[in-house]
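Hi everyone, thanks for making time. I'd like to walk you through one model today, so please have a look at it while I talk.

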Amino acid sequence: MTTHEQPLDSVLETIGRTPLVRVQDGPDDVRIYAKLETFNPGASVKDRIGRYMVERMLERGDVSPGGTIIEPTAGNTGIGFAIAAEQLGLDAIFVVPERFSVEKQQLMDALGAEIINTPTEDGMGRAIERAHELAEELDDAVVPQQFSNPLNAEAHYETTGPEIYDALDGEVGAVVAGCGTAGTLMGIAEYALEQDSGTHVAAVEPEGSLYGEAIGEDREEGEYKIEGIGTHDLETNELFDPELVDDVFAVADEAAHAELKRLAREEGHLVASSAGAASVAAKHVARQIADGEIETPHDTVVTVFPDSSERYLSKGIYRSFEEWSS
Ligand code: PMP
């Protein structure tokens, strides 16, 4: 894999080409690898779509230099878009439901973006609505709409997917990733299935989220503490294509929390709750392969660790489960 050994002209060039590192706690005969998206300059997977989507939107003339990007976002996307927007000569405004972490909002602010909060109880749906209202009021403003814009998944089809296959010389048996917008999983899955249509694809969501219903599973809607993945409203998550997905794993908050703490203590990964959930699910898929419950073209499982735990220290992410707040 290429590393960033040459001098670079801009922080945008440091996005992607993240390390793929073995997760030690799996079955002996099935290797699990995690793509460490914390190595991006904004410390999350969302830097990829920030750069990719802003560049494509500028090329297509959806917005021009001096214009504004307005996005409803849980935070990491805001950081990714803020880095790209400011480097490419655009302003950035983000509409953020209040429940999301203060660290993320401080970072968006530090990067020069404006933040508008919407009430937590109104959900992401209201944040999306508000972003569109603002875009109407401004000249030359665009809402990238990560929840429905195919460029989101395309960023991963063009970058994350090929990086994984290069690093493993094509030996990928299963792909397992958390779904917020589902852009990460859909982009990687599309690339993976083109390489080998037998690749196993598993989505990960918190218990209480409804993605499972899209593949005909029963789900009971509820609240969860895991941040960055899951949906309460399948209609808003237009990128999720059930045709590409073999399984959807619902991971309990408590299991994700125990795993993110284990990943820090035993494996040195400072990653957050969506990575904890992804790791729990990846280990489950690895056991299914080891036990012959599912067939895959190779004995390897690849997952994604989307962001860093440092972003959630104020929420007590490393305290007891009861003290960790969403
Ligand atoms: N984990 C975290 C912490 C996130 O912020 C996100 C994005 N919402 C994801 C996972 C899921 O990524 P995607 O939107 O590509 O499904």
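Ala182 sits in the loop between β7 (174-178) and α6; helices here are DSSP runs of H or I with at least four residues, strands are runs of E with at least two, and both are numbered from the N terminus. Now, this is a predicted model, where local features need pLDDT of at least 70 and side-chain atom pairs count only at pLDDT 80 or more, while totals for chains, interfaces and linings use all residues. Residues are numbered from 1 along each chain as its sequence is written.

Back to Ala182. Its phi is near 80 degrees, a positive value in a residue other than glycine. As a reminder, most residues other than glycine have a negative phi. Is Ala182 buried or exposed? Ala182 is buried, because 27 other C-beta atoms lie within 10 Å. The cut-offs are these: 20 or more other C-beta atoms within 10 Å of a residue's own means buried, 12 or fewer means exposed, and in between is partly exposed, with C-beta atoms placed from the backbone.

There is another residue of that kind. Asp140 is not a glycine, yet it has a positive phi of about 50 degrees. You'll find Asp140 in the loop between α4 (123-137) and β6. With 14 other C-beta atoms within 10 Å, Asp140 is partly exposed.

How far can we trust the prediction? The mean pLDDT of the chain is 95, and 98% of its residues reach 70 or more; pLDDT is the predictor's confidence in each residue, on a scale from 0 to 100. For the complex, the predictor gives an ipTM of 0.99 and a pTM of 0.96.

Let's move on to the domains. The chain is divided into domain 1 (11-39 + 150-323) and domain 2 (45-142), with bounds that come from an automatic or database domain assignment. Taken over C-alpha atoms, the centres of domain 1 and domain 2 are separated by 24 Å. Across the boundary, 26 residues of domain 1 are in contact with 21 residues of domain 2, where contact means C-beta atoms, placed from the backbone, within 7 Å.

Which helix gives the largest share of the side of domain 1 that touches domain 2? That is α5, with 7 residues. Both α5 (150-167) and α6 (183-195) supply at least two residues of that side. By type, the side of domain 1 that touches domain 2 divides into 8 nonpolar, 12 polar and 6 charged residues. Here Ala, Val, Leu, Ile, Met, Phe, Trp, Tyr, Cys and Pro count as nonpolar, Asp, Glu, Lys and Arg as charged, and the others, Gly among them, as polar.

Now the ligand. It is surrounded by 17 residues, and the closest are Gly180, Thr184, Gly228, Ser274 and Pro306; a residue is near the molecule if its C-beta atom, placed from the backbone, lies within 6 Å of it. That shell divides into 7 nonpolar, 8 polar and 2 charged residues.

Helix α1 (residues 46-60) has 15 residues and reaches 21 Å from its first C-alpha to its last, close to the 21 Å expected at 1.5 Å a residue; the expected span is 1.5 Å times one less than the number of residues. Among the buried residues of α1 are Arg48, Tyr52 and Met57. The buried residues of α1 pack against β3 (68-72), α2 (76-87), β6 (141-142), α5 and α6. After α1 comes Gly61, with a positive phi near 80 degrees.

Helix α8 is mostly covered, with 15 of its 18 residues buried. Just after α8, Gly292 takes a positive phi of about 75 degrees.

One last stop, at Gln195 in helix α6. Gln195 counts as partly exposed because it has 15 C-beta neighbours inside 10 Å. Not counting residues up to four places away in sequence, Gln195 touches Tyr165 and Gly170. Gln195 and Tyr165 are 30 residues apart in sequence and 8.8 Å apart in space, C-alpha to C-alpha.

Terms used. Contact = placed C-beta atoms within 7 Å.
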